[in-house]
Amino acid sequence: MSQSNNYLFESLNKEQQIAVSHFNGPLLVVAGAGSGKTKALTHRIANLIENNKVNPYNILAVTFTNKAAREMRERLEIILAKALSDDRFGQPWSTLCEFDQNQLRAEISREKLKNLWIGTFHSLFSRLLRFDIEKYQDLEGLSWNNKFSIYDETDSQTLIKEIITQEMNLDPKQYVPKKIKWAISNAKNQCLTFKQLEENSENNMDRIIADAYKRYKTALSKNNALDFDDLLLLPVLLLKQNEEVRSYWHNRFKHILVDEYQDTNRTQYELIKLITTGETDSNEFSNWQNRSIFVVGDADQSIYSFRAADFRILIGFKDDFKNNLKDNNNSIVKLEDNYRSTSNILNAANCLIQNNTERIEKVLRSTKNNGELLKLISCDDEISEAEAITSKLKTLNNLNIDPKWKNFAILYRTRAQSRVIEESLVRWRIPYTIFGGLRFYDRREIKDAIAYLRVLVNTADNVSLLRIINVPRRGIGKTSIQKLNEISNRLNIPLWEVINDKESLVATIGRTSKGIDQFTKLMNELSCFLVNSGPAKLLQLILEKSGYLNELIMSGTDESDERRNNLQELINAATQYEEENEDANTEGFLANAALTTDNDTKKNIPNSVTLMTLHNSKGLEFQNVFITGLEQGLFPSYRSVDNPSLLEEERRLFYVGLTRAKERIFMSQARERRLWGGMREPTIPSIFLSEIPEELIDGELPQSSGAYIRRDLHLGRLTRVDRGESNTINNSKNAVRRLYSGPSKGAKWAIGDKLIHAKFGKGEIIHIFGRDEKISIAVKFGDKGSKILDPRLAPIRSIN
DNA sequence: AGGAGTGCGCTTTTT
DNA sequence: GCGCACTCCT
């Protein structure tokens, strides 16, 4: 038997084989771009099941995106189906017709992989909560039940705004709900409760955030709702406090795999640790018999720290489980063979990323030839940049080198950059698909329809209730709603019950009660269908009986037609959901809808150029890649130019961009650019251009025009910063390099050194990160607090 | 109660 | 330049 499964290792290199055959204990797989990490993951799961005889029921495989989860499941199905092919049909997989292949895959999926948990963090742990949330004992006595709604960013922001303005009576201009939301989310992602936030608060703002966090939590509980962050935080709190629940999941999941480990945040990390070890204090754990934790990631591709992802978790993996390891050296495997890009591209990427201080040393080894040089295109302004890209596209297409538009991707740092490029593509009639933008489930009509479903499932959900109470119009205005809300709060009766009580309603608000009566009647009628009808039927009924559809038909505009189409698509999605899930119900569909983006369902224009942000390009590959807007203040972003750790993240983003390309890289830069519709401003070429060896670059060279845009720290405004010397620099390869030689080149810094900064004034060095040329210094500036600076870039000079 | 008009503020966004 | 959120007007 075991012999017959060697096929799992046939197509793997040595390091991949080590990763795949790993069985007991922790293993970190450092997987460079294009090194076949999905292959390692899927083959390992197959190996666990086929050779180690692990029950799929005991395996937990976690990803960050639905797309990655789906891809993993599909590839796993195929691997296992291949193994079954000989037995079943007496012939190899590749010779089977598509129908037989699909049959076999369906069988694998239905039988073998039925109990395998593979999915995103959020979907898997919301599933866990559906089982166990009622066992959670909150310190403040708050509770949830398993019909909970999942609030998206908009829903929770609505709630927070209400808390800030109504409950706390604060000025939303001074305390911007979006920022408060961000701060709360950040705390939740660090696994911090509002109490901890309160204790650590240093100023008024901190205290207000902690207070808002507390009230927000109460409000969520009142609505029987959770936000995205709670789907991870609550399981952590629950697993910590409830030994029984913890040991149940610990005993179930004996083999845990995490993809894109560099993107985990503290809460996700805690979660993984709790389930892996089954202990609240992981240092006590040592029994790795028939148990493993297998994480795959690349610190150099960590680009989501602004969402609280912390790649130091990956770097620290080795130490996390150190005490428990028999053999420390076996806890890390590096996949460095790259099967994607030419060696010129990889050399450029390797050199660039060397400039980062915080990383795990690794290189990308090419398995291909040199290929072409990286092409640098320098343009007058953003319009000629777009034109230059378009003309390059046309040339390559006409030369018949790459006769397909789908082989091109145009990447940019900010969405705003796409418009000019689109205009140019339209002008030259080049088909393109723009990636990202408004999510399907973020559309107004979709959110409305979903809100109806949510209220039917969970009548406590006031955010949804208030969204639809007057949609379509029932003549229920702001004042009546305010009154009803007041009654609800005063008497501590859920809003739904207040409006569902006809008699007291007439007594309190009189005439407007007619519209509300209409609404509650509708909802009561619809709720009869909740148990016996699936979500598709229910949606159909909602849209018909509420008059929503009618209103759209009556208005008859293009926009309303589009909305109707979208609603039809929502019903189709519900139907599909029912078909794909045996025990499909409306609750499940709602969870699915909340946690699904439509990037996968989006209709792509066939054979078109792809436009997307650099962030969106992670995990993809293209034959030819354009990286645009390589200017200081744009890429790297103006928020990062004088912050070393943010700059390192921008550099990783550029690294991600470079490593998307198989054959060719085009980098473009404009000497002047119009930002936010203002004046055209001269620019400085991106520092990253100077970090790629000259001999790898072919191109018209960037001219520096001597200014870059950055945020003025005092005014909070964007200002143009002149660099006197840079005007004199002309067309020379050294131009870019010379620009960054900065005022403090060659200066040696030590802890305790005193210096003066152009903006922050006098300060003292309290810590030094990195060494040699690549240091950053932590400086304490009297009342301005501490900053981390790059001594090569910061406007500083030493004083003694 | 709801539509038109004005002013402000601006990165990236797996879920 | 553009979206949005809030205000004022009807």
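Predicted model: local features only at pLDDT ≥ 70, side-chain atom pairs only at ≥ 80, totals over all residues.
**Entry 1: H26 and H28**

Helix H26 covers residues 535–545 and helix H28 covers residues 558–580. I looked up how they pack: the angle is about 155 degrees, and the axes sit 8 Å apart. Angles over 145 count as roughly antiparallel, so H26 and H28 are roughly antiparallel to each other.

Next I checked who touches whom. H26 brings Pro-535, Ala-536, Leu-539, Gln-540 and Leu-543 to the contact. From H28 I noted several residues, including Leu-567, Leu-570, Ile-571 and Ala-574. Sorted by class, the contact of H26 with H28 has nine nonpolar residues, two polar and one charged.

**Entry 2: H7 and H8**

On the H7 side I found Ser-156, Gln-157, Ile-160, Lys-161 and Ile-164, which meet Pro-177, Lys-178, Ile-180 and Lys-181 in H8. I got four nonpolar, two polar and three charged residues for the contact of H7 with H8.

**Entry 3: The sheet**

In what order do the seven strands of the open sheet run? I read it off as E13-E14-E12-E15-E16-E11-E19, with parallel pairing. Strand E13 (432–434) and strand E19 (697–699) are at the edges; each has a single partner strand, so one side of each has no neighbour in the sheet. The twist averages 25 degrees from one strand to the next.

I zoomed in on one pair. Strand E12 (residues 408–412) and strand E14 (residues 609–613) are joined in the parallel sense over four bridges, and Ile-410 stands opposite Leu-611 in E14. I also spotted helix H18 (residues 418–427), which lies across E12, E13 and E14 and runs at about 160 degrees to E13.

**Entry 4: Around DNA strand B**

Last stop, the DNA. How many residues surround DNA strand B? I noted 35, and the closest are Tyr-304, Gly-477, Leu-595, Thr-597 and Thr-613. Helix H4 (66–89), helix H6 (121–132) and helix H21 (478–491) are the elements that each give two or more residues to the surface near DNA strand B. H21 gives the most, with three residues. By class, I wrote down nine nonpolar, 17 polar and nine charged residues for this surface.

Methods
Residues numbered from 1 in each chain as written. Chains lettered and ligands numbered in written order. Near = placed C-beta within 6 Å. Nonpolar A, V, L, I, M, F, W, Y, C, P; charged D, E, K, R; others polar. Pairing = 2+ DSSP bridges. Axes fitted to C-alpha atoms, helices over the stretch in contact; angles between N-to-C directions. Contact = placed C-beta atoms within 7 Å. Parallel < 35°, antiparallel > 145°, perpendicular 65-115°, else oblique.
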